[in-house]
Amino acid sequence: MHATRSTLFGLTLLLAGHAGAVTLVYGSGGDPVSLESGNINDTNSAIVQNQIYDTLTRVRPGTTTLAPGLASSWTANADRSAWTFNLRRNVKFQDGNRFNADAVLFNVNRWWNPAASAGEGKTWESWKLVFGASKGADSVLKSVAKTNDYTVVFTLSRPLASFPDMIGANFFGIASPAAVRKAGQAYGTPAGGAVGTGPYTLTSWQSGVQVSLKANASYWGGKPRTDALVVRSIKDPSARLNELKTGNIDFACDLNPDSLAGIRSDKSLTAVLRPSFNVGFLSLNTRQEQLKNVKVRQAIRLALNRSAVVDAFWGELGTADNSFLPPALGWANSRKVGAVTSDPAAAKKLLADAGYPNGFSIDLWYMPVSRPYFPTPKPIAEAFAADLQAVGIKVNLKTEDWATYLSDRNKAPGFDMYMIGWTGQFGAPSNFYDAFYGPGGVSDSNYGNPQVQDLLARAASAKTRGQQSSFYSQVHALTDAAAVRIPVVHSRPLCATRASLTGWVPNPANSEQFSTIGK
């Protein structure tokens, strides 16, 4: 006899601890792709990793303001090309091993140096998205070394003012070297497990069902307020809300924006709006024959009625503009880039000028799970398809498993067009631009513009906001003209809790730990 998902869920709650144990249950939009730090680029994975691992730096609750993590303090040399981190003492991994400088070096070398994990088939996409090239002539990191058991020095190839923010991105949790060595290639999978210094310890991962964790009673940051944590995989936002209403889960995010009024009127629930720090966009692949032509890409942008789509699917929780950056980073935008417009007639003219007066056929891929920036991907994709059909572009809608989707988009020839997005991990424009226009972020689009990448490097090295703004505004203008990544929305993700839940303060970057939550 096969156990149902509800039976498995009930058994997990029963086994979570002794009678009277308090279990916190979160409804996630999907399964983690991996629990191996440094080897992810999705929020579903990061949410669970936030509970298992700690990072060197973190942010203050509800903000992007930097605060100490596993590093108690840090300093830079005069030009910010070398950063020294003083590590927190008396911290242990969940397997009992000691956290120290050797553990930091072990993790950083796995992320940065391909030779450190040779033969394991790991891509270390997190490092590429945040820092660009791996170890070598083009790497921003020259070396990482310890001066004693609790001091680590990162030496860079160029000044980098945001380095403490970047190394604290929630992708870069510090894993137990002993656990990684023991599990080998399986580390971070349901079979291999994951071990960090965080507030919760992984106990099991039932793929497609849930991840179960127990409180780390010896956590250096204080024992969690609940005895156990279950992260359930519930892909459909409506199903997540129904589970919340019935009390089967305690809180959830990425709910349908049109559920806001109903949540607010339900006395058993509390609506929580995560601060907007994301972008949902349509990505175009310049390998595709028609999309090689910038006029075609610009025509697609003009054909899409993005303002109407945002109004229809996000209402008051979404904003449409032509910036890749969320409103909080609007200081880095160019004033030369205009507002969002929709002009089907102009789109048809551009298509004719490009040699496609009768249009063409193209694939549009949409994700199979709800995301903070695209809570209902399929209906949104259908709206895009209708707009494009109106100018003669026949769209074939496609999707596949989430982990496969994230992998296939980067494998040549890649997707023609696909929906994707990004939630920032730290409060700098580089976190958005570098991830999709920097050297490590163009495998899906094949758009590696040397001028853009030079401007990004200069902006990251600039010491003042005024200097950074000058460079980033040029990046904004160049990328807008290229129309390779078409911004659709900056959303305020809708979350909700049972009214009895206390102590949850969502961060803009989805980086909060759940140890402060009580029920």
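**Figure 1. Strand β7 and its partners in the predicted model.** In strand β7, V153 is the bridge partner of T84, where strands are DSSP runs of E with at least two residues and helices are DSSP runs of H or I with at least four residues, both numbered from the N terminus. This is a predicted model, in which local features need pLDDT of at least 70 and side-chain atom pairs count only at pLDDT 80 or more, while totals for chains, interfaces and linings use all residues. Residues are numbered from 1 along each chain as its sequence is written, and side-chain values use heavy atoms, with hydrogens and water left out. Strands β5 and β7 run antiparallel and are joined by five bridges; two strands are said to pair if DSSP finds at least two bridges between them. On the β6 side, β6 and β7 also pair in the antiparallel sense, over six bridges, and N148 has T151 in β7 as its bridge partner. A hairpin of two residues joins β6 to β7. Because five of the six residues of β7 are buried, this strand is largely enclosed by the rest of the structure; buried means under 20% relative accessible area, exposed means over 50%, and partly exposed lies in between (1.4 Å probe, protein chains only).

Figure 2. K146 forms a salt bridge with D102, and their closest N and O atoms are 3.0 Å apart; the term denotes a side-chain nitrogen of Lys or Arg within 4 Å of a carboxyl oxygen of Asp or Glu. Because K146 lies in strand β6 (residues 141-148) and D102 in helix α3 (residues 101-112), the pair ties together parts that are 44 residues apart in sequence. K146 counts as partly exposed at 35% relative accessibility, and D102 is partly exposed as well, with a relative accessible area of 40%.

Figure 3. Side chains of opposite charge can pair when their charged atoms come close. A search of the whole structure finds 18 salt bridges. One of them joins the side chains of D54 and R58, at 3.3 Å from N to O; D54 counts as buried at 1% relative accessibility, whereas R58 counts as partly exposed at 28%. Another is formed by D250 with K519, the closest N and O atoms being 3.0 Å apart. This pair links distant parts of the chain, 269 residues apart, with D250 in the loop between α7 (237-246) and β11 (251-255) and K519 in the segment after β19 (494-498). D250 counts as buried at 7% relative accessibility, and K519 counts as partly exposed at 48%. E36, R110, E120 and K122 are linked in a network of salt bridges.

Figure 4. C253 and C495 are joined by a disulfide, with 1.9 Å from S to S, the term being used for a pair of cysteine sulfur atoms within 2.5 Å. This pair links distant parts of the chain, since C253 is placed in strand β11 and C495 in strand β19, 242 residues apart. The link of C253 and C495 is right-handed, with 95° about the S-S bond. C253 counts as buried at 2% relative accessibility, as does C495 at 0%.

**Figure 5. Confidence along the chain.** The chain averages a pLDDT of 94, and 96% of the residues score at least 70; pLDDT is the predictor's confidence in each residue, from 0 to 100. Over residues 1-18, pLDDT stays under 50, and for this stretch the model has 21 contacts beyond four places in sequence. Where pLDDT is low, the predicted coordinates should not be read in detail.

Methods:
Contact means heavy atoms within 4.5 Å.
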